[in-house]
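Colleague: Before I use this model for anything, please take me through its two chains one point at a time, with the cut-offs behind each term.

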Amino acid sequence: MSPPKLERILLVEDDPDIQFIARMALQRISGYQVEVCNNGIEALEKLPLFQPQMVVMDMMMPEMDGLTTFQEMRKMPAFAHLPVVIMTAKAQAHEIENYKREGINDVIIKPFEPAELGKQLEQIWQSIAL
Amino acid sequence: MLGSEGDSLTHYYRKRLYERIQVIRPLYHRLQRFEKNRLMLTRILVSLQKAQAFPAITQAATKALRSPLSEWAENIQALKTTLEQDETLSPKEGTELILYSLTTLLPVAQERETYLQDLQSVRNIAHTLAGSGGTYGFKDISQLARLVESAEPHDLVLALQHLLLLLHQHALNEQPTDPQAILLIQKDPDLTYLIQHHLQAAGLHCQAVQSAYEAWQEISKTTYPVIITDLVLPDLDGRRLIFELHQNPDSEHSKIVVLASPQQLNSLENISVSAVLSKPLQPEVLVKKVQELLQISQPVALPLEQTQQTGLPQFGALQRYIQSSLQPDSVLLLFALPGAPSERLRSFTQLLKAQINPQDFPANYNQDHFLLFLPSLADAELLPFLKGLRTTFASVAPELLAPQALSIAWNKRIGTPLESQIQELEQNLKPFESVVVSAPLLEAQKAPETQPAAKPIRILLADDDPLVAAILRFRIEQEGLQFEALDDGEQVLPHLSAGLPDLLILDVKMPGKDGFTVLKELRQIYSAVNLPVMMLTSLGNESHVIRGLESGANDYMQKPFSPDELISRLHLLLRKKAQRSG
C-alpha cells in the first residue's frame, strides 16, 4: 500500500525572491501544485481553501513568525497532523532539535539548493508516510 | 542544476539586487553620518574626561560616556549645563568651542529612534539577502550579508559598505546607462561646451553639471568611471568635493581629473587625484588622458566566478580579474583556516581590515578560506606587510590562533629572484604552519595581445584507483586546469595521439599496460619537453623510482601522496615546460 502522492504544497515566505525561486523549483521543475502566502496570517486563512498536503514555511516573518503560525495551525483539528517543514538559516543541531521537539516535521537549511528542493520535500514526504 | 532556467533566475536576481542597492544606499548614508557624529561626540567626551582640575566636568563626561545610547541625549544635556554654569570655566579658552560642538552634535543623540530603525532595517535586509543570495548561487553575498546581520553597531557601517560594493559587482542595471560615461563639473559654460565637444568627437559621452550639489545627485544615479572637476565651484571648494568623492561608495572607484589654473597647482599637494591639467586647457591632452583612465578604470566591478565545491574564486576568473585589474606588482594572499568557527573568521577578517585600506579589499570570504587581493604592493613592502600581520595577531588578539596556511601569489616581478624571496618569506612567516608561494600568476600568459584566447592547460591522469582520480580532479580543477582521467594503460597512447596534454600523471600499476611500458612506448614519440610525465609509485619501492626516472619520467610521487605537494610539483613541471617551449 503506497502512500498518496505529494501534490499540493503551501509555501509561506515573505521574501519575494525566495518565493520566486521556490515556486519555480517546486512548480516548474518538480511539478507540484504550489500556493504562496506572504505571511503566517495569510497562511492560516488559506489553509482550509487550498487544503495542502504539506506546508513549507519560512521561520522569520513579519506579523506572525513561523513557529507561532505552526502552533496556531496545530490548534485547528483539521490541520493538527499536517506535515510542516520550515526553512531557516538558524539550523544548528540544538536549534533543529528544538524545532523537532515543538513538533515540526523537518527543517530545510537556508540557503537551499533550488534544484534539490523538490527532491528534499519528496524524501521528507516519504519518511513521514512511513 | 537548473539548466537554462538557472540563467534566467540569475538574471532576475541580479536585477533585484540593483533594486536592493537603491533601498540600502540611503540607509547606509544615514548610518554612516550617525556613526561619524557619534565618534566625534565620543572624542569630545574623552577629552573632557581629562579635565582633572574640574571634577564636575570629568564626572559628567564619564557618566555620559558610560551611559547607554538611550540616555546620551539627557546626559550630554546635563554636561552642557555643567559647562555653562561653572563660573570658573567661563574665561577658559575652548569652553565655548566645546559648547558649540556639543550643541551641534546633540541632535545626533536625539536621532536615536531613526538610528535604531535604520539599524533594524539594514539587519532585516541583510537577513533576507543571506537567505536568497546562496539560493540563487551568490554565496559571497550570503556570507557578507550574514556578517552585516550579526555585526555590532560600530562595525556594521564598514561591513555594510563592503556589502554594497559586492552588490554593485553583481547587480544588473538594465536602464540604459553608458558604461563609458564621464561626469564634468564646471561652471563656465564655454569651457563645458569645449570639453563636451572634444570628448564627443572622440566617441565619449560627457554629462555636465555646474555645481558640487548637482554632481552629488548625479553620482547617486549613475556610476561614473571618470569625473572631471574644476577647482573653483559655486557652492563648494573643489578640494573638499574631491575628498568627499573619495569617501562616497558611489564614486570611490572613479578616477578624478582636476582642472586648475597654474596658481592653484600648489594647493593640490595633499589631494589624491588621477590627473591634474593646467589651464588654459588643451582639449587634446584632456581627451587622451580620459581615454587612458577609462582603459584602466574599466574593471571597476568584475564578479569573481566561484567554484561549486569550495566557494573560492575559480583560478581562471581570478587570473582574469587580476590581469584586468592592474599593475604588475599586485599581491594575492590566500589564508586557509580549516575548521575555523565563524566567530574566529570574523575577528580575523576585522584584523585584516584594520591592516589595510578598504579599497584594497575585494576579498572573499569562505568557511575556511580567506582571500585577499592587494592591487598594488611593492616588493619592499610585502614582507613588512606580512610581518605586520603577524604582529597584529600576536598583540591585538593573542587568543586568535594564526591561520594555518598562507598562500601567496603575485604578478611577475622583475628584480629579486623569486627563490630568494620565497626563502625569506618562509623564514619570516613562522606562525603559519605552511607557506606556499606559488608561481607568478601571469607568467604563463606572457603576451595576451598576441594570444587573445589562452589555451587551457590540460592534465591527463592514468590511474585505475577511482579515489586518486577523484581527489586529483578536485584539486586540479580548483587550480583552474583541465583534468581528464583514464583507468587503463592501453588507452593512454591512443588518447595522446588525439591531442597532447600539458602533463601526464602516470600510475605504475594499472590494468592493460603497466606504467613503465606505457612510458617507454610514449617516449619513442614524445620528448620529455613536449610531454612531461609524473610517475605515481608505491611507497618504499625505490627500484620503481629509479626505473621510472631512467625510462624518462620527469618527476615522481610516492603513494600515498599529499595532494598539495603534488600540485606544487605539477606547477613546477608546467613552468619548466613553458620556459623551454617559450
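**Reading the two chains**

Colleague: How many other C-beta atoms lie within 10 Å of Thr517(B), and what is the class of this residue?
Modeller: A residue is buried if 20 or more other C-beta atoms lie within 10 Å of its own, exposed if 12 or fewer, and partly exposed in between, with C-beta atoms placed from the backbone. Thr517(B) lies in helix α18 (residues 515–525) of chain B, where helices (H or I, at least four residues) and strands (E, at least two) are DSSP runs, numbered from the N terminus. Because the count for Thr517(B) is 15, the residue is partly exposed.

Colleague: At which pLDDT do side-chain atom pairs count?
Modeller: Residues are numbered from 1 along each chain as its sequence is written, and chains are lettered from A and ligands numbered from 1 in the order in which they are written. This is a predicted model, in which local features need pLDDT of at least 70, totals for chains, interfaces and linings use all residues, and side-chain atom pairs count only at pLDDT 80 or more.

Colleague: What share of the residues of chain B count as buried?
Modeller: Chain B holds 20 helices and 15 strands. Of its contacts with a separation of 6 or more, 64% are between residues 24 or more positions apart, where two residues are in contact if their C-beta atoms, placed from the backbone, lie within 7 Å. Among the 582 residues of chain B, the share that counts as buried is 28%.

Colleague: What is the order of the strands in the open sheet of chain A?
Modeller: From the N terminus on, the elements of chain A run β-α-β-α-β-α-β-α-β-α. Five strands form the open sheet with parallel pairing, two strands being paired if DSSP finds at least two bridges between them. β2 (33–37) and β5 (106–109) of chain A each have a single partner strand, so one side of each is left without a neighbour, and both stand at the edges. The order in chain A is β2-β1-β3-β4-β5.

Colleague: In β4(A), which residue is the bridge partner of Val55(A)?
Modeller: Strand β3 (residues 54–58) and strand β4 (residues 84–88) of chain A run parallel and are joined by four bridges. The partner of Val55(A) in β4(A) is Val84(A).

Colleague: Which strands of the sheet does helix α2 of chain A touch?
Modeller: The direction of helix α2 (residues 40–50) of chain A makes about 165° with that of β1(A), where axes are lines fitted to C-alpha atoms, for helices over the stretch in contact, and angles run from 0 to 180 degrees between N-to-C directions. Packed on the sheet, this helix touches β1 (8–12) and β2 of chain A.

Colleague: Where does Gln51(A) lie?
Modeller: Most residues other than glycine have a negative phi. Gln51(A) lies in the loop between α2 and β3 of chain A.

Colleague: What is omega for the cis peptide bond that joins Lys110(A) and Pro111(A)?
Modeller: Pro111(A) is found in the loop between β5 and α5 of chain A. The bond that joins Lys110(A) to Pro111(A) is cis, with omega at about -5°.

Colleague: At what angle do helices α2 and α3 of chain B pack?
Modeller: The axes of α2 (residues 55–66) and α3 (residues 72–85) of chain B are 9 Å apart. α2(B) is roughly antiparallel to α3(B), because angles under 35 degrees count as roughly parallel, over 145 as roughly antiparallel, 65 to 115 as roughly perpendicular and the rest as oblique. The packing angle of these two helices is about 170°.

Colleague: Which element gives the largest share of the side of chain A that touches chain B?
Modeller: The contact takes 14 residues from chain A and 17 residues from chain B. The elements of chain A that give two or more residues to this side are α1 (16–29) and α5 (114–129). The largest share, six residues, comes from α1(A).
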